[in-house]
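Please keep the sequence and the three-dimensional view at hand while reading.

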Amino acid sequence: MADGQTDPSPISQGSSDDSSSASVFARLRKRIRSVRDTRLADRLDRIDAEYVREKARRITEADLDTVVDRAEAIEARFRKDGGIRRLLDDGRLLLDLIRDVRAGRYRGLPVWTLSAVGFALLYVLNPFDLVPDALPLVGLLDDAAVVSACLSLVEQDLRDYRIWRRANRRQEETTDRGAPGPDLISS
């Protein structure tokens with residue numbers, strides 16, 4: 001890859017307990033196969049790690065700014081839509097990652113990972129993607145599949161980000177406890 005990051009292995013090659021996102025992805029694949037409309041099933045079947053890799057290459061700085069600007073709408077999609085509600089915590093983590101990188105607080109992220117996360121979040125926001133979200137039951141399967149594939153691809157980077165966040169929170173708590181309170185006595 002151009003950014004020097006090793007190419008992540010496809011989801012299907014990982015062990016079944018590599019991560020919860022991989023198991024969610026496996027369950028989604030099973031649901032996809034049960035879809036009666038073969039055109040929809042064919043569209044859904046195209047969503048895999050390679051699909052996310054390909055689309056992530058097209059993400060721009062402006063796209064990442066859109067993710068930050070529309071973060072509340074993206075989070076609302078995770079909260080309200082049953083098909084992806086189980087990915088709410090992961091979606092919030094992805095949004096926080098984008099916010100921290102764009103604000104310059106977190107710098108330890110490969111560009112490719114940032115692009116993959118940006119693509120997945122924009123995909124969730126777009127109601128007219130491979131399978132329109134208005135279609136009952138199957139309309140959100142593609143959103144969940146894209147987020148799950150993205151989570152699998154960027155798993156190690158997310159672990160590193162979580163470690164950074166925990167350390168950053170501890171440092172803030174220590175600083176807050178050691179800092180003097182407001183001066184309540186005025187002259």
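Glu75, Arg79, Asp89 and Arg92 are joined in a network of salt bridges, a salt bridge being a side-chain nitrogen of Lys or Arg within 4 Å of a carboxyl oxygen of Asp or Glu. The model is a predicted one, in which local features need pLDDT of at least 70 and side-chain atom pairs count only at pLDDT 80 or more, while totals for chains, interfaces and linings use all residues. Residues are numbered from 1 along each chain as its sequence is written, and side-chain values rest on heavy atoms, with hydrogens and water left out.

**Salt bridges**

Over the whole structure, a search finds 13 salt bridges, and the table gives some of these pairs with the distance between nitrogen and oxygen.

| Pair | N to O distance |
|---|---|
| Arg79 and Glu75 | 3.1 Å |
| Arg58 and Glu54 | 3.5 Å |
| Arg162 and Asp90 | 3.9 Å |

Arg162 belongs to helix α10 and Asp90 to helix α7, so this pair ties together parts that are 72 residues apart in sequence. Arg79 and Glu75, by contrast, both lie in helix α5, 4 residues apart, which places about one helical turn between them. Helices (H or I, at least four residues) and strands (E, at least two) are DSSP runs, numbered from the N terminus.

Glu75 is buried at 17%, whereas Arg79, at 39%, is partly exposed.

**Helix α5**

The buried residues of α5 are Ala71, Ile74, Glu75, Arg77 and Phe78. Viewed down the helix axis, they fall within an arc of 150° and so line one face of α5, the arc being that of the directions from the helix axis to the C-beta atoms. Glu72 and Lys80, on the other side of α5, are exposed.

**The nonpolar core**

A nonpolar core is a set of buried Ala, Val, Leu, Ile, Met, Phe, Trp, Tyr and Cys residues joined through side-chain atoms within 4.5 Å. The largest such core holds 50 residues, of which Phe78 and Leu121 touch the most other members. Two or more residues each come from α2 (38-45), α3 (49-56), α4 (61-69), α5 (71-80), α7 (88-102), α8 (111-125), α9 (141-153) and α10 (155-178). Helix α8 supplies the largest share, 11 residues. Leaving aside residues up to four places away in sequence, Phe78 touches Ile84, Arg85, Leu87, Leu88, Gly91, Leu121, Val124 and Val147.

**The protein as a whole**

The protein has 10 helices and 0 strands. Among contacts with a separation of 6 or more, 71% are between residues 24 or more positions apart, a contact meaning heavy atoms within 4.5 Å. Of the 187 residues, 45% count as buried. The protein exposes about 10,900 Å², and carbon and sulfur atoms supply 50% of that area, as computed by the Shrake-Rupley method with a 1.4 Å probe, where for residues only the protein chains shown count as cover.

Notes. Buried < 20%, exposed > 50% of the residue type's maximum accessible area, 1.4 Å probe, protein only.
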